[in-house]
Number of protein chains: 2
Amino acid sequence: VLPDELTIIERYFRPLAGEGAFDLLDDAGRLDVAPDVDLVVTTDMVANTVHFLPGDPPDMVAQKALRVNVSDLAAKGAEPLAYMISLGISADIKEDWLTAFAQGLKHDQEHFGLRLLGGDTIFVPHGPVVAVTAFGAAPQGRMVHRFGGRPGDVLFASGTIGAGTVGLALLKGEPGPWEALPAEHKDALMTRYRVPEPRTALAPALVEFATAAMDISDGLVGDCDKLTAASGCSAAINVDCVPLPDGLAKDFEAPVLARLLTGGDDYEILAAVAPRKATAFQLAARAAGVTVTEIGALTEGTDPPQVLSEGRPIPLSRRAYVHGRGEGGA
Amino acid sequence: VLPDELTIIERYFRPLAGEGAFDLLDDAGRLDVAPDVDLVVTTDMVANTVHFLPGDPPDMVAQKALRVNVSDLAAKGAEPLAYMISLGISADIKEDWLTAFAQGLKHDQEHFGLRLLGGDTIFVPHGPVVAVTAFGAAPQGRMVHRFGGRPGDVLFASGTIGAGTVGLALLKGEPGPWEALPAEHKDALMTRYRVPEPRTALAPALVEFATAAMDISDGLVGDCDKLTAASGCSAAINVDCVPLPDGLAKDFEAPVLARLLTGGDDYEILAAVAPRKATAFQLAARAAGVTVTEIGALTEGTDPPQVLSEGRPIPLSRRAYVHGRGEGGA
């Protein structure tokens, strides 16, 4: 039988508690913020069958819950500081699950320089459901926003686009061209769906060079819609330049390509950079170990961004992954 | 059909967004903290059938989700500043529910001086589940902890003890002496279970006078266990002094009284105060509009606190409400 709430906290979460958490023995934590930074705060909730799959390794569930938040911090130019976690578990969970879940948190705390500041553990009818609130520090007055982009700015994407979408399709056994991939590519894509790679190393370059940025979590096209709407402009995305994961060719049938461009779970960064700073941004990104690729530009107007291949709009049946009633899986 | 995630945010949550939330149009919020305060952070998750009942009015669900967090801030001597909310809803939710839920948040934002800084809305298989992270400001270096109490300190409880327990019993139709209460008392107790009354007005007096404090959320006795454990001492609680809600008599059968003393959802404050400051604390509390009652004292030793009536220990079948596997209702 699973131990009670207090025992779970003591056994699995207390060892993770950092400065200001008072060993999770108090009603609240204290977050000390340096005077020369802005405190950036984000929250995301992930749920079984919606953001991860039943039977997914619990350490990876923990990592995903943290990383979707860390990705938001990175996109705002913020360095990760600390987090709060609320965990709802149901009666089917075993202690093994909690052990591995805590190991996932521990790994990522160390990996990203995060500390646990507080949390809550409850029993729910259907779990797991995990809500994380993450704190980051951006240089004072220099948090990067979705607004601020200007027509003429170069649009960059970090990493590759579509790995999360393909990884999920593979995990669900959906038929598609990904079935023909070599096993090691398939494994990498499935892992990437389960464990995003937030681009924290890119944060300083965003602060230095980007006029606007956001993390790509609901599909490149739809997220570009959001950035341009916030910035009061439009954009043209050149699909031929969008970097796809290893082994995925651009000569996929159009519907497959469209799906990669509009599917969730990339957790890459979309950034707008003034043309005269574009080269410096690319160099700074490379120096930080992150590949960024020019995929288009911001343009005048308020129309939704154009998505072009060889100069012609490509057909899109949707622009973004949007969580809707009863919709699952991303 | 319920609108999608983005429409829900736009329609119901954007109107609640405060300074630093960027109209919920960004990946993260910014929390500006005055230089002369400590930032106090707490998180609590509430779930359907566990912390509230199916069919509970949605404005009250929202209020409970906020208030269990505000109660923690108050106990730490912190003034409420802002909050993040993650909401998981399932397909049985209607727009009416969201309208009323947002109204509950709006009411309490204004009531407690909170602003919404960010959030996340997802669809889950079984909801609603609500995770709130709340931020408060305590005078620098003066956050009140569970530790810090000393033998000899006077123990105070705010308000009354047991209203949440009786309110829940009434809502569930459990037989008991509460059935004989007048209708207006019953209504007040049920409302109190659904909508706690965090003692924010008491925060300055706690900062000024308390050596240790915590909110009473899992039962007076068990929470006193936690305060004394953190403070490295024991305590004696004089049951005859514990204030009960209107209409509930102390001559209840012992098991009923024991249940009130160990049931959850009081959201009152337990505070330890040095004897020479006890009168000043009571006066300050009264001036703030909060009744505090002396219910015992901290004592030497590390045994669990004694719970005494007329000087003799009373029988307790449990010391606290503890969320356990499959256990519901508090």
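Colleague: Which side chains meet Lys76(B) in a salt bridge, and at what N to O distance?

Modeller: In general, a salt bridge here is a side-chain nitrogen of Lys or Arg within 4 Å of a carboxyl oxygen of Asp or Glu. In this case Lys76(B) pairs with Asp27(A), at 2.8 Å from N to O. Please keep in mind that this is a predicted model, where local features need pLDDT of at least 70, side-chain atom pairs count only at pLDDT 80 or more, and totals for chains, interfaces and linings use all residues. Residues are numbered from 1 along each chain as its sequence is written, chains are lettered from A and ligands numbered from 1 in the order in which they are written, and side-chain values use heavy atoms, with hydrogens and water left out.

Colleague: How many residues of each chain are in contact across the interface?

Modeller: Contact means heavy atoms within 4.5 Å. By that rule, 62 residues of chain A touch 62 residues of chain B. Buried area is the accessible area (1.4 Å probe) that two parts lose on being put together, summed over both. For these two chains it comes to about 5100 Å², with 62% of it on carbon and sulfur atoms.

Colleague: What strand pairing joins S1(A) to chain B?

Modeller: Strands (E, at least two residues) and helices (H or I, at least four) are DSSP runs, numbered from the N terminus, and two strands pair if DSSP finds at least two bridges between them. Here 3 bridges join S1(A) to S2(B), residues 37–47, and the two run antiparallel. Within S2(B), Val40(B) is the bridge partner of Arg30(A). The side chain of Arg30(A) also forms a salt bridge with Asp32(A), at 2.9 Å from N to O.
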